[in-house]
Amino acid sequence: MRIDIITVLPQLLESPFSHSILMRAQQKGLVELNIINLRDYAVGKHKSVDDMCYGGGAGMVMGIEPIAACIEKLKSERTYDEVIYMSPDGELLQQRVANHLSTFKNIMILCGHYKGVDERVRELFITREISIGDYVLSGGELPAALLCDSIIRLIPGVLSDETSALTDSFQDNLLAPPVYTRPANFKGSKVPDILLSGNTPEVEKWRHEKAVERTLQRRPDLLK
Ligand code: SAH
């Protein structure tokens with residue numbers, strides 16, 4: 001899979017992709033991430049990417065010209081399955097959205113800043129708008145990094161144990177059961193006996209029961 005991220009702050013995206021699972025996914029060639037600096041497509045002698053808002057009011061708006069030039073250049077090189085704009089008024093990022101996007105070959109992600117992007121960018125170029133929750137951040141970079149993490153970890157081969165993404169919360173509409181590691185006894189606080197039994201079918205049954213119990217307690221809405 002190839003992911004192209006368009007941003008005015010490429011530095012903000014360096015660290016999230018330079019460690020652990022996301023870095024190894026790139027090293028293994030399972031994902032190719034390209035961070036594109038929108039300023040390289042800026043117009044005029046000041047090389048600005050934003051301008052004042054028509055109609056007045058506080059805050060700058062990212063202009064259509066550099067964004068159009070950048071998106072058109074990328075689209076001339078390959079076909080994109082989705083051109084995504086990170087936006088608080090978009091579709092909420094949920095596991096099923098990540099599952100779906102993880103099956104694609106090429107996706108492009110546009111990060112907004114300031115008051116957001118000129119509405120015509122959304123009308124003309126964007127195929128999908130995604131929000132990471134009902135709150136407003138200062139830029140789309142952290143939301144984009146979050147979206148990428150949720151997608152990349154689902155690509156077969158990225159996690160060392162491929163089944164592990166399938167047993168995480170929200171797959172099958174269940175929260176994950178509790179997990180434990182050594183020591184089996186921490187100052188009298190013990191790991192449930194069943195997990196030490198070596199009886200795999202019974203362990204699986206226990207895990208399923210705990211997953212249902214936890215979902216009923218914390219997120220009964222998922223079971224509907
Ligand atoms: N004026 C806009 C917010 C702009 S915030 C509004 O009220 O809706 C600046 C940028 O940060 C946005 O363009 C978007 O790319 C990003 N952003 C902020 N909050 C976000 C969220 N919850 N989900 C996804 N992107 C977000």
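I started with the ligand, and one of its nitrogen atoms sits 2.8 Å from a polar backbone atom of Tyr-135. I kept in mind that this is a predicted model. Next I checked Met-86, where a backbone N or O atom lies 2.6 Å from a ligand oxygen. I then asked how much of the ligand the protein covers. The answer is 84% of the 560 Å² of accessible area that the ligand has on its own.

**Ligand, the shell.** Which elements give two or more residues to the shell around the ligand? I found E5 and E7. Strand E5 makes the largest contribution, with 4 residues. In total I noted 20 residues around the ligand, and the closest are Tyr-85, Met-86, Gly-112, Tyr-135 and Leu-137.

**The sheet.** E5 made me look at the strands. They form an open sheet of 5 strands in the order E2-E1-E6-E5-E7, and the pairing is parallel. Strands E2 (32–37) and E7 (128–131) are at the edges with a single partner strand each, so one side of each has no neighbour in the sheet. From one strand to the next I read an average twist of 30°. As a reminder to myself, strands of a sheet pair through backbone hydrogen bonds, either parallel or antiparallel.

**E5 and E6.** I zoomed in on this pair: E5 (residues 82–92) and E6 (residues 106–110) run in the parallel sense and share 4 bridges. What stands opposite Tyr-85 in E6? It is Leu-110. I was pleased to meet Tyr-85 again, as it is among the closest residues to the ligand.

**A helix across the strands.** I followed helix H6 (residues 141–152) next, and it lies across E1 (2–7), E2, E5, E6 and E7. Its direction is at about 175° to E1.

**Domains.** I looked up the domain assignment, which gives domain 1 as 2–152 and domain 2 as 169–223. The C-alpha centres of the two domains are 37 Å apart.

I finished with the backbone angles. Which peptide bond is cis, with omega near 5°? I found it going from Arg-182 to Pro-183. Pro-183 belongs to the loop between H6 and strand E8 (185–186). I placed Ser-20 in helix H2 (residues 20–27).

Note on methods: Residues numbered from 1 in each chain as written. Predicted model: local features only at pLDDT ≥ 70, side-chain atom pairs only at ≥ 80, totals over all residues. Heavy atoms only, no water. Pairing = 2+ DSSP bridges. Axes fitted to C-alpha atoms, helices over the stretch in contact; angles between N-to-C directions. Contact = heavy atoms within 4.5 Å. Domains from an automatic or database assignment. Near = heavy atom within 4 Å. Polar contact = N/O pair within 3.5 Å; in protein donor to acceptor, adjacent residues only side chain to side chain. Areas by Shrake-Rupley, 256 points an atom, 1.4 Å probe, with all protein chains shown as cover.
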